[in-house]
Amino acid sequence: MQGLRHAEALTEVEIRQEARFVLWALRWCALAHQGDNDQAQGEIVRGFELADASETVPSFWEFAWCLCQTASSGVVWHGPACGCVSSGEMHVLHALAQVADHERAAVAAPSQWWRVLVPAAGVEQVDQLARRWLAQLYRAGIEYPGATRLVEALTPLQSLMDEMPARRAALN
């Protein structure tokens with residue numbers, strides 16, 4: 001996650017690498033939600049250590065666990081090493097980018113992307129936990145890209161999107 005330390009200077013390739021890291025961590029959390037908790041926690045801790053963001057693991061885990069618990073049954077999570085990206089996973093990346101934009105602009109409203117992913121009753125909680133994690137990342141010197149930068153960087157990945165039958169935490 002070193003590339004996010006200077007968001008204004010990031011290249012599209014660096015933003016895509018950071019997005020893949022976030023997806024990788026979220027996918028491990030989805031696996032943990034299905035029952036492989038110990039291995040997932042170990043992998044997430046190891047990955048965040050390598051990214052020099054260890055102090056953000058607890059807030060990430062809280063956010064990701066809440067997201068996995070409340071996400072609609074239509075969200076498909078691929079395996080951590082999979083090269084495909086589901087539309088639900090892309091929505092999560094977009095939601096986080098909008099949360100980052102809202103934080104920078106001091107907008108209190110939750111990201112509208114959460115409404116696509118979680119029931120209305122869970123939107124506020126997921127958004128608050130995402131804000132807490134992104135704030136910790138920022139304090140650690142890592143700035144998650146805003147929506148405009150993320151869209152520009154992820155456009156080449158649209159061809160990798162794989163629409164799978166809607167299954168909760170289905171893994172590819």
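**Reading contacts and pairs in a predicted model**

Me: In which helix is Ser 59 found?

Reply: Ser 59 is found in helix H3, which spans residues 57-70; helices here are DSSP runs of H or I with at least four residues, and strands are E runs of at least two, numbered from the N terminus. This is a predicted model, in which local features need pLDDT of at least 70 and side-chain atom pairs count only at pLDDT 80 or more, while totals for chains, interfaces and linings use all residues. Residues are numbered from 1 along each chain as its sequence is written, and side-chain values use heavy atoms, with hydrogens and water left out.

Me: Is Ser 59 buried or exposed, and which residues does Ser 59 touch?

Reply: Buried means under 20% relative accessible area, exposed over 50%, and partly exposed in between, with a 1.4 Å probe and protein chains only. Ser 59, at 5% relative accessibility, therefore counts as buried. Leaving aside residues up to four places away in sequence, Ser 59 touches Arg 132, Trp 133 and Gln 136, where contact means heavy atoms within 4.5 Å.

Me: How should I read a salt bridge, and how many salt bridges are there?

Reply: Side chains of opposite charge can pair when their charged atoms come close. The rule asks for a side-chain nitrogen of Lys or Arg within 4 Å of a carboxyl oxygen of Asp or Glu, and the count comes to seven salt bridges. One of them joins Arg 131 to Asp 127, with the closest N and O atoms 2.6 Å apart; these two residues are four apart in helix H6, about one helical turn. Arg 131 is buried at 7% relative accessibility, and Asp 127 is buried at 0%.

Me: Which residues are linked in a network of salt bridges?

Reply: The network links Asp 101, Arg 104 and Glu 143. Asp 101 and Arg 104 approach to 3.7 Å between their closest N and O atoms, and both lie in helix H4 (residues 87-104), three residues apart, or about one turn of the helix. Glu 143 and Arg 104 have their closest N and O atoms 3.2 Å apart. Glu 143 lies in the loop between helix H6 (120-139) and H7, whereas Arg 104 is in helix H4, so this pair ties together parts that are 39 residues apart in sequence. Asp 101 is partly exposed at 28% and Arg 104 is partly exposed at 44%, while Glu 143 counts as buried at 18%.

Me: How many aromatic pairs are there?

Reply: A pair of aromatic rings is described by the distance of the centres and the angle of the planes. Rings of Phe, Tyr and Trp (its six-membered ring) pair if their centres lie within 6.5 Å, and planes under 30 degrees apart count as stacked, over 60 as edge-to-face and the rest as tilted. By this rule there are seven aromatic pairs. For Phe 48 and Phe 60 the ring centres are 5.1 Å apart and the planes stand at 40°, so the pair is tilted. Phe 48 lies in helix H2 (residues 37-50) and Phe 60 in helix H3, so the pair ties together parts that are 12 residues apart in sequence. Phe 48 is buried at 0% relative accessibility, and Phe 60 is likewise buried at 0%.

Me: Which residues do ring pairs link into a cluster?

Reply: Ring pairs link Phe 21, Trp 24, Phe 48, Phe 60, Phe 63, Trp 114 and Trp 133 into a cluster.
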